[in-house]
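Subject: Structure handover

Hello,

I am handing over the structure below, with notes on what was found in it. Please read the notes with the model open.

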Amino acid sequence: MGRSRLPWLSLAWVAPCAAQGPMPVPSSSLQSGTRPSGSSEAWRLQIGIADKALHEWLLSTPQQADQIGPKASLPSDLERGTLQLIKDIGLSALASSLDYLILCQHSDPRCGVPLQHFEPVQMLRALLDTQLRELVQDYRPDTGLRSPVLRVGHSLRSDLDGFLRQLRSLEPGLQAAEVSARLVQTAGLRARMLAWHLGMHFWVRDLAVPGRGAPVLVLHDEYTSFADMVSVVIGTMVRNGQPQLAMAELGVPTQEEWLAPQLLRSVPGLQYVAIMLEPPEEQHGAAKFAVFEQLRAELQQSELHQRLALHFAASPSAAAAMPDRSLDLALLDLRGADASFAQEQMALWESKVKPAGVLLGRGFEPDWPEIVKAVCAQRFSTDLHLGAGGGFWWLVEPPEDE
């Protein structure tokens with residue numbers, strides 16, 4: 001690669017999260033001080049790749065709420081209008097971003113004053129405020145749409161304001177282009193999470209909850225995936241003055257990416273106990289134990305082995321070895337369990353968490369009705385926080401006899 005004072009743009013596909021499964025998010029990677037060697041054709045090719053990926057990301061934003069439950073909601077004008085408005089803002093920001101990259105590639109003096117070039121973004125903010133006020137006039141009070149729409153409008157307004165503030169302190173070229181690309185990505189993500197929130201709202205408001213009453217459901221559209229939910233909850237605890245945390249995970253995955261290594265690398269004070277569950281069928285035990293042995297051997301060679309203990313055990317045995325109220329967090333993957341077993345596991349592992357600690361789980365989605373039933377029964381008339389990917393959590397209260 002030849003050296004140059006101008007950045008160049010390359011695109012990589014990263015897998016984040018979406019409500020209904022992994023979704024490719026275009027991620028701009030601006031290589032500091034470099035651009036493709038050779039003719040300007042190489043530069044134009046890189047811009048073309050970036051243009052196509054980000055453009056497709058915005059064009060594929062949903063036009064209505066996600067269908068999360070068995071029934072689809074009828075999209076309202078407020079729903080369609082808000083999602084289209086977010087898409088239009090993202091497309092306008094993309095146009096400004098790509099124009100800026102071309103100016104920098106051609107050493108145009110306007111590349112040196114990014115704040116002036118991105119003045120249209122200030123107009124987008126005004127457009128957002130005006131059109132959102134008009135849209136929210138047309139809604140039915142019983143649908144529950146107005147609050148999430150206003151919240152996503154506030155979030156997008158903050159994104160635009162934050163972008164404009166950053167431009168004042170950024171170096172022209174590399175940094176300004178990278179931040180503008182991130183704004184485009186964020187607009188697409190805001191639309192997707194709004195669609196998830198509206199779809200979840202439509203599903204959960206019709207849930208039939210037997211027994212003593214439904215939980216107080218809190219939908220979090222700021223969590224872009226199950227992994228993001230876990231990371232945000234832990235990060236919040238650290239920021240609130242708990243740098244040292246003890247966490248247990250019940251059900252180490254064997255068919256999908258494991259969250260623990262990334263969490264441990266991002267939180268230096270985290271101590272982690274992970275339980276790979278013995279399968280109830282004896283004929284599957286040997287194969288799963290072989291996976292466990294391989295994973296344990298890999299961890300022994302990792303820098304994480306002093307903070308991560310991996311065990312192969314049944315849930316009751318693992319819980320019996322752990323003192324009550326000794327954990328700050330417990331994470332349960334309940335997918336595939338029946339309602340009685342799931343509720344038993346939640347009660348068992350909640351007893352291992354300190355008051356004001358957090359119990360997190362996975363499986364609150366239409367594909368796992370038994371888990372939904374169990375979680376609702378466990379959290380009747382109390383707060384239950386829900387995120388994308390079937391994630392849920394709650395703060396552990398002190399026992400009634402304390």
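Both Cys104 and Cys111 are buried, where buried means under 20% relative accessible area, exposed over 50% and partly exposed in between, with a 1.4 Å probe and protein chains only. This is a predicted model, in which local features need pLDDT of at least 70 and side-chain atom pairs count only at pLDDT 80 or more, while totals for chains, interfaces and linings use all residues. Residues are numbered from 1 along each chain as its sequence is written, and side-chain values use heavy atoms, with hydrogens and water left out.

Cysteines

A disulfide joins Cys104 to Cys111, with 2.0 Å from S to S; the term stands for a pair of cysteine sulfur atoms within 2.5 Å. A search of the whole structure finds one disulfide. The link of Cys104 and Cys111 is right-handed, with 90° about the S-S bond. Cys376 has 3% relative accessibility and therefore counts as buried.

Helix pairs

Helices (H or I, at least four residues) and strands (E, at least two) are DSSP runs, numbered from the N terminus. Axes are lines fitted to C-alpha atoms, for helices over the stretch in contact, and angles run from 0 to 180 degrees between N-to-C directions.

Helix α2 (residues 77-105) packs against helix α4 (residues 119-135) at an angle of about 175°, with the axes 11 Å apart. That makes the two helices, α2 and α4, roughly antiparallel; angles under 35 degrees count as roughly parallel, over 145 as roughly antiparallel, 65 to 115 as roughly perpendicular and the rest as oblique. Among the residues making the contact are Leu85 and Ile89 of α2 and Leu124 and Leu128 of α4. Contact means heavy atoms within 4.5 Å.

The axes of helix α5 (residues 146-167) and helix α6 (residues 174-204) come within 11 Å and cross at roughly 175°. Helices α5 and α6 are therefore also roughly antiparallel to each other. Their contact includes Val152, Leu156 and Phe163 of α5 and Val179, Leu183 and Leu194 of α6. By class, this contact of α5 with α6 has 13 nonpolar, five polar and three charged residues. Here Ala, Val, Leu, Ile, Met, Phe, Trp, Tyr, Cys and Pro count as nonpolar, Asp, Glu, Lys and Arg as charged, and the others, Gly among them, as polar.

Leu170 lies in the loop between α5 and α6. At 19% relative accessibility, Leu170 counts as buried. Leaving aside neighbours within four places in sequence, Leu170 is in contact with Gln175, Ala176 and Val179.

The sheet

Eight strands form an open sheet of mixed pairing, in the order β3-β9-β10-β8-β7-β4-β5-β6. Two strands pair if DSSP finds at least two bridges between them. The edge strands, each pairing on one side only, are β3 and β6 (308-313). From one strand to the next the twist averages 20°.

Strand β9 (residues 383-387) has four of its five residues buried. Strand β3 (residues 216-219) pairs with β9 in the parallel sense over four bridges, and Leu219 stands opposite Leu386 in β9. With strand β10 (residues 391-395), β9 pairs in the antiparallel sense over three bridges. Gly387 stands opposite Gly391 in β10. The hairpin of β9 and β10 has three residues between the strands, and Gly389 takes a positive phi near 75° there.

Regards
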